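Hi,

Here is the structure I promised to pass on to you.

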Amino acid sequence: MTEETKSLNFIEHIIEEDLANGMSANNLRFRFPPEPNGYLHIGHTKAIGISFGLGEKYNAPVNLRFDDTNPAKEEQEYVDAIKKDISWLGYQWANECYSSDYFQQLYDWTVQLIKEGKAYVDSQSSEEMAKQKGTPTEVGTNSPFRDRSPEENLDLFQRMKNGEFKAGTHVLRAKIDMEDPNMLMRDPLMYRILYAHHHRTGNEWCIYPMYDWTHGESDYIEQISHSLCSLEFKPHRKLYNWFKENVFEYSKEQYPFQPKQREFARLNLSYTIMSKRKLLKLVEENLVSGWDDPRMPTISGLRRRGYTPAAIRKFVDTVGVAKRENVIDVSLLEFCIREDLNKTANRVMAVLNPVKLVITNYPEGKVEMLEAENNPEDANSGNHEVPFSRELYIEREDFKEDASSKFFRLTLGKEVRLKNAYIIKGESVVKDADGNITEIHCTHDTDSLSGSGTEASVRKVKGTLHWVSIAHAMQAEVRVYDRLFSDEAPDSHKDKDFMEFVNPDSLKVVNAFVEPYLKEAKIGDRFQFQRLGYFCIDEDTSDEKLIFNKTVGLRDTWAKQKPKPQQNQPKQQQNQQQSTRPAIEEIKKLGKKYTNLPEEKQQLTKAKIQELAMKVPYEDLEPLFATAAKKAGTRIAAMITLGVLLKKGQERNGNIDEFIEKALNDKNELLVAEAQQV
């Protein structure tokens with residue numbers, strides 16, 4: 001088994017097996033089939049990434065098909081938004097398809113099923129049919145209309161199509177088995193009467209096919225090779241196959257290939273709602289400004305908030321393809337956008353909560369143009385000029401009149417550096433009648449200008465503050481967004497409505513001041529506001545008003561406070577032990593600290609574990625599989641190590657499979673993420 005083969009996910013293994021068993025690569029076809037009844041959200045990006053990713057991997061066409069079978073909830077607005085979102089993510093579809101294009105073909109096939117006695121018109125109410133459905137432990141009972149003759153069924157069905165009956169008086173059902181253990185096989189509905197205007201077919205039809213009937217046959221018509229869907233459709237696979245196999249007998253010459261349905265775990269995200277119906281409720285009740293509100297988990301909302309396609313695709317790739325449901329911590333998504341913007345966003349200065357600072361020994365009227373590096377992570381990003389003057393704005397929270405020794409920002413009698421500028425020292429304050437500070441007076445070290453090469457310019461002080469020159473600053477509206485929900489699983493409480501968990505502080509609007517460099521910025525441009533986070537220019541921006549959205553902070557402020565690891569031995573003694581300690585012991589030591597580290601350092605630690613893993617025999621690793629559940633860090637380190645050993649050629653065994661399976665079902669999202677990559 002090659003390293004490439006071992007790194008495949010389970011869907012790719014299925015495809016590779018089909019190819020090995022004789023399927024031509026030319027017959028590979030995939031599709032992404034959204035229903036146009038809402039905007040796409042972050043959960044859809046996994047399905048998008050899987051289908052379009054397979055298309056890229058195997059150079060196979062991927063259709064974008066809209067399963068538009070419910071005109072009461074579908075709109076052209078949603079179609080347009082979905083197309084825009086997929087294109088923005090960087091994917092291109094081979095064909096733009098609509099299930100409504102197949103309505104006539106589906107009708108013709110239905111007529112054939114009726115003639116063969118495989119479908120019948122039921123004239124009961126929905127309540128009566130529900131009672132006959134049975135339960136998972138009790139078989140259903142036949143409809144009194146089940147034995148209608150094919151001739152009567154065909155007559156009624158054609159009259160349904162012609163609009164002779166009121167909605168709800170008749171439905172068409174497949175005649176399968178009311179005693180089947182799978183309740184979806186108990187004579188499922190195929191058509192219902194519905195008088196509603198369809199966004200594509202207008203009023204041409206007054207009967208509409210049900211999803212289960214339409215979806216699979218649309219796959220078949222398009223000759224999709226692998227129909228990939230989320231786990232909730234696994235029970236539907238039996239019905240999918242029943243419809244497909246019966247229709248195949250009618251059209252096998254025109255459509256020679258039958259699609260294969262396979263299921264993957266959908267993407268669930270903490271602090272997030274993934275139901276389009278519930279997201280629509282937020283829109284309709286004006287708790288958000290629309291589907292593209294930057295607090296919404298929709299792709300359009302994320303785009304407006306400042307997320308990049310690269311960050312979202314990286315997130316989906318990191319989560320991986322799994323067979324079991326799990327919840328991914330939203331902090332992983334936030335980490336991906338931080339990591340991306342850290343490399344690409346220019347650094348600027350902005351003050352969100354300003355207080356005036358006067359440098360009393362700086363000449364009045366003097367203006368210096370100082371050099372500011374655009375992005376230290378990008379050597380080609382260049383510099384820009386920032387005006388410096390006697391009167392500045394700094395953040396109000398960056399000053400304390402009386403501060404402890406642990407406060408490393410500005411206070412009276414102590415020094416800090418102004419970013420790209422001088423070292424200043426707090427001297428006095430001016431207050432209003434209510435005792436609020438209105439001005440801070442300070443002095444500056446005239447020889448301490450950053451980059452000037454003087455001895456004073458390299459003098460070390462403990463704090464560095466951002467600032468803007470009052471005379472040159474531009475006013476801007478900054479929309480500071482936070483998570484929309486305050487609960488990790490807002491829709492998981494049986495006795496409470498998810499709306500109860502809407503975070504009242506998810507949006508704060510502040511009037512800020514930004515440096516004049518941003519005057520030329522365009523809608524959608526992204527920046528790092530130094531020391532504050534990442535922000536982008538909102539589409540509401542005009543020539544008269546500059547508006548920014550906060551994308552994400554520089555660090556995860558929602559992370560739970562974890563106890564600090566105990567102080568270890570002196571570094572010299574540690575280094576001596578490292579030179580003689582087995583690699584597995586070093587890995588265990590790194591694992592103990594893993595969950596206490598910030599996300600950036602976790603990446604460095606992971607790289608170190610992977611390096612050490614090259615020296616670890618499997619016999620040393622296997623005992624760690626039995627590590628106690630509370631020692632999550634050690635189990636994460638073991639999983640990282642296992643991934644390296646498997647890539648080196650270690651064969652899987654029962655213990656390995658059991659260890660991975662348990663990890664996939666663990667509550668620790670970091671462990672789950674590592675297990676998904678193995």
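**Aromatic pairs**

Phe248 is buried, at a relative accessible area of 16% (buried means under 20% relative accessible area, exposed over 50% and partly exposed in between, with a 1.4 Å probe and protein chains only). Before going on, please keep in mind that this is a predicted model, where local features need pLDDT of at least 70, side-chain atom pairs count only at pLDDT 80 or more, and totals for chains, interfaces and linings use all residues. Residues are numbered from 1 along each chain as its sequence is written, and side-chain values use heavy atoms, leaving out hydrogens and water.

Searching the whole structure gives 27 aromatic pairs. Rings of Phe, Tyr and Trp (its six-membered ring) pair if their centres lie within 6.5 Å; planes under 30 degrees apart count as stacked, over 60 as edge-to-face and the rest as tilted. Because Tyr220 belongs to helix H8 (residues 211–221) and Phe248 to helix H9 (residues 237–251), the pair ties together parts 28 residues apart in sequence. Helices (H or I, at least four residues) and strands (E, at least two) are DSSP runs, numbered from the N terminus. Tyr220 is buried too, with 0% relative accessibility.

Phe388 and Tyr422 make a tilted aromatic pair, 5.4 Å centre to centre with 50° between the planes. This pair links distant parts of the chain, 34 residues apart: Phe388 is in strand S16 (residues 383–388), while Tyr422 is in the loop between strand S20 (415–418) and strand S21 (423–431). Phe388 counts as buried at 0% relative accessibility, and Tyr422 counts as buried at 5%.

There is also a cluster, in which ring pairs link Phe103, Tyr107, Phe157, Tyr191, Trp205 and Tyr208.

**Charges over rings**

Which ring does the charged end of Lys161 sit over? That ring belongs to Trp205, and the charged end lies 5.2 Å from its centre. For Arg483, the ring is that of Tyr271, with a distance of 4.8 Å to the centre. The criterion is NZ of Lys or CZ of Arg within 6 Å of the ring centre and within 35 degrees of the ring normal.

**Strands**

Three strands form an open sheet in the order S1-S2-S3, with parallel pairing (two strands pair if DSSP finds at least two bridges between them). Its edge strands, S1 (30–32) and S3 (95–98), each pair on one side only. Strand S2 (residues 62–66) is joined to S3 by four bridges, and Asn63 stands opposite Asn95 in S3.

Strand S5 (residues 171–174) has antiparallel partners. Four bridges pair S5 with strand S4 (residues 119–122), and three join S5 to strand S6 (residues 189–193). Arg173 is the bridge partner of Tyr120, and in S6 the partner of Arg173 is Leu189. Both faces of S5 are covered, with Val171 and Arg173 buried on one side and Leu172 and Ala174 buried on the other.

**A helix to look at**

Helix H18 (residues 632–648) reaches 25 Å from its first C-alpha to its last, close to the expected 24 Å (1.5 Å times one less than its number of residues). Of its 17 residues, 15 are buried, so H18 is largely enclosed by the rest of the structure. Gly649 follows H18 and has a positive phi, near 120°.

Best wishes
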